[in-house]
Amino acid sequence: MTENFSNETIDFDQIPKIDSAKFKSINKNYYKVILINLAITFVIIALSILLAYYFITDFYQHQLVNTFGLYGIALGVAIVFSNISFKKKQFAFREQDVLFKSGILATNVAAVPINRIQHVSLHEGWISRIFGLVTIKVFTASNGSGDLVIPGIEKEKAEDIKFLLMGKISNEA
Amino acid sequence: MIESNFHTPQRQSLVGIIVIFLNILQKNIRSFLPLIIVMAVNFEADDLLKTIIMVVCFVIVLIAYAFLDYWNFTFYIDESNQEFRLNKGIFNKSKTSINLGKIQQVSLNQNLIQKIFNVFEVKIDSAGSEETEVVIKAVSQNQAFLLKEQLLAFEHLRLTNLEAAPDFAKAEIGGNFGQKLLTIKLITLFKVGITSNYIKSIGLILFVLFQIYDNFQKVGERYGVNDQSIMAFFSSDVFILNVFKIAAFVLLIILLINIARTIFKFYHFEIKKQKGVLQISYGLLNTRNTMLKPERVQKVTLSQNYFQKKLDVIRVFVSQIISTDSEGKDTSIEIPGCSAQEKQAIFDLIYHKMPYEGIELKPNIRKVLKSISLLIVLPIGVYAIYSFYVDSSLFEHVNFVLGYFLFISMMLFFGFRNYRLYLAQDFVIKKSGVWDISYEIIEVKKIQNITVSQLFWHQSLDLGSIEIETAGGSIHFQTTNYTQLKNFTDLWLYKIEKSNESWM
């Protein structure tokens, strides 16, 4: 439909590659943050199940056992997945862009050129705060899922990064 | 500079009160329609006085509301801060300010009511993450054009470094300034109406038919006709014999509705070129006047099906920067149908470099595996097991199942065959579709971010997916040559980072 056709030769060897970037893992303590979150969630679920058991007359003991069986499986899966997810989270700040690797079954690499960053924000959850960790959010003009959310960065380092990125953005403008 | 009377807070045109009132009235009537009908049906003469009092009270409340709405709606241009400010709201007051430099588009529209009273709706779109869309419902023609000119004057200054010409506004009002690029003829709208939007129109028809059937039942209950008689009617010979005639009739209705909708929406679709900006106007009852700046274009989508190809009609969708709270409305500009030549003319204006297809990437068969299992294996498997073990009578319907299988297979086949990604240095183009084939075109310099991903079991197969985002929409493509995807991602990042060309 676009009648033009072009068959240029492109030399990919001279160009910096995502695969060659040096990725760093996020702070190890962040896994504790994840586990605490999981624990809270599953404690609430367990309490709800128990409450249901006491108050609903049709809820028999064997059903309770089955339910907790499923609960145990869910908990196991959640722990395994969260471990994989945590280990996979890596980032790389290159001179011209920011890369972030993540995912569980898939490995996603998101790339944001610095001259496309609209702004950078730091977010502290109450659990992360205990460990002195923050989440860096990098926004571009797109409103989709490509914007970066990098958790588990030490607070001071995050502030340095934000300062650096904002500096580069205003230099570009 | 033109004498501006927007330095102090302005209200809309006085006539605006009537427009607001009529607008609220028709909205309320539409929402209360069921209630009104029920009341009308149960109406008795004694109630006449009560009804009249109720209606009068209602109207008075609406008029008061319309007046207060009008009175509390003020706007002005704050030149010192380079902002457009709007204050509105009777109880919940809100203040909006839009940076003049961020204004993307100013549209002047008129719906039927506004046309009668000769006022315009001014709609201001801007790029940004806060409140970014402002609508002023009733402004006189002069005010509308002046306001538009003033709002854009800042942009003109920024881009051209010249003082806005004094007779620019007058020229706008005259509407004859600027070179006509494209006028879509009625016959083209007709062609578009016949050949597109089948699914939407079918959906509409089914919805209406369902409502009819529903009401049929209710009315039937009242008059003693029961469900069985209705079902009997639908399975009677008379009905079946005539089913083709009925289907043809329904199809005809669909086409007519579609043609009518297309003509009403896009009547006299015209594109004019004015100082490097495209002015687009269209509409029969509701007229819209909007502008398209080539540098704001983020993504272009072309759509054409088999019939449209024979008739030399292409639909073009141009998307600009989508503001984050446009409530999911599709803010892209649609050009309903143009010939290949006209499409080229539009491209000439939008693109400095013409889009071209680079290397072609095809999807791996694994892409359809998921669809096949979900849409074919699963339902047919369930059907087979169920019929075999539980209810053998279901085997009677095996024809339907066969039909379903053939239909879905065909759709998946054509979808797969048409699913292509073209990667080049300056453009990325995705081709897709079963019946309506679409080409989504993104110029590399508009890219905001890129995400590549790979499922762990595809690692040895070198398969992966990509998502390329712009400020006006994205392209995603799954299950193809991962190495090439990464190569081009690296290339595009390099090109974007190397040049500091503005993307908007």
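In this predicted model, strands E6(A) and E7 (residues 148-154) of chain A pair in the antiparallel sense over five bridges. A second sheet runs across two chains, with seven strands in antiparallel pairing. Chain B meets chain A through 49 residues of chain B and 38 residues of chain A.

**Strands E5 to E7 of chain A**

- A:Val134 lies opposite A:Ile153 of E7(A).
- E6(A) also pairs with strand E5 (residues 117-123) of chain A. That pairing is antiparallel and spans six bridges.
- A:Leu122 has A:Ile136 of E6(A) as its bridge partner.
- E6 covers residues 133-140 of chain A and is mostly covered. Six of its eight residues are buried.

- E1 of chain A and strand E20 (473-481) of chain B stand at the edges. Each has a single partner strand, so one side of each lacks a neighbour in the sheet.
- Within chain A, strand E3 (residues 97-102) pairs with E4(A) in the antiparallel sense over six bridges.
- A:Asp97 faces A:Pro113 of E4(A) across that pairing.
- The link between the chains is made by strand E4 (residues 106-113) of chain A and E18(B). They pair in the antiparallel sense over six bridges.
- A:Thr107 stands opposite B:Gln454 of E18(B).
- In a regular strand, side chains alternate between the two faces of the sheet.

**Interface area and polar links**

- Chain B and chain A bury about 3,600 Å² between them. Carbon and sulfur atoms give 53% of that area.
- On the chain B side, B:Gln448, B:Asp490 and B:Glu497 lose the most area to chain A. Together they account for 16% of what that side buries.
- One salt bridge is counted between the two chains.
- The side chains of B:Lys486 and A:Asp19 form a salt bridge, at 2.8 Å from N to O.
- Polar contacts between chain B and chain A number 14 residue pairs, with both residues at pLDDT 80 or more.

**What chain B brings to the interface**

- By type, the chain B side divides into 23 nonpolar, 17 polar and nine charged residues.

- A:Ile18 sits in the segment before strand E1 (24-25) of chain A.
- Is A:Ile18 buried or exposed? A:Ile18 is buried, because its relative accessible area is 4%, and buried means under 20%.
- Which residues touch A:Ile18, leaving aside neighbours within four places in sequence? From chain A they are A:Phe23, A:Arg94, A:Leu99 and A:Val109. From chain B they are B:Thr489, B:Asp490 and B:Leu493.
- One of these contacts, B:Asp490, is also among the chain B residues that lose the most area to chain A.
- A:Ile18 and A:Ala110 are 92 residues apart along the chain. Their C-alpha atoms are separated by 9.8 Å.

Definitions and conventions
Residues are numbered from 1 along each chain as its sequence is written. Chains are lettered from A and ligands numbered from 1 in the order in which they are written. This is a predicted model: local features need pLDDT of at least 70, side-chain atom pairs count only at pLDDT 80 or more; totals for chains, interfaces and linings use all residues. Side-chain values use heavy atoms; hydrogens and water are left out. Contact means heavy atoms within 4.5 Å. Buried area is the accessible area (1.4 Å probe) that two parts lose on being put together, summed over both. A salt bridge is a side-chain nitrogen of Lys or Arg within 4 Å of a carboxyl oxygen of Asp or Glu. A polar contact is a pair of N or O atoms within 3.5 Å; within protein, one must be able to donate a hydrogen and the other to accept it, and residues adjacent in sequence count only if both atoms are side-chain atoms. Ala, Val, Leu, Ile, Met, Phe, Trp, Tyr, Cys and Pro count as nonpolar, Asp, Glu, Lys and Arg as charged, and the others, Gly among them, as polar. Two strands pair if DSSP finds at least two bridges between them. Helices (H or I, at least four residues) and strands (E, at least two) are DSSP runs, numbered from the N terminus. Buried means under 20% relative accessible area, exposed over 50%, partly exposed in between (1.4 Å probe, protein chains only).
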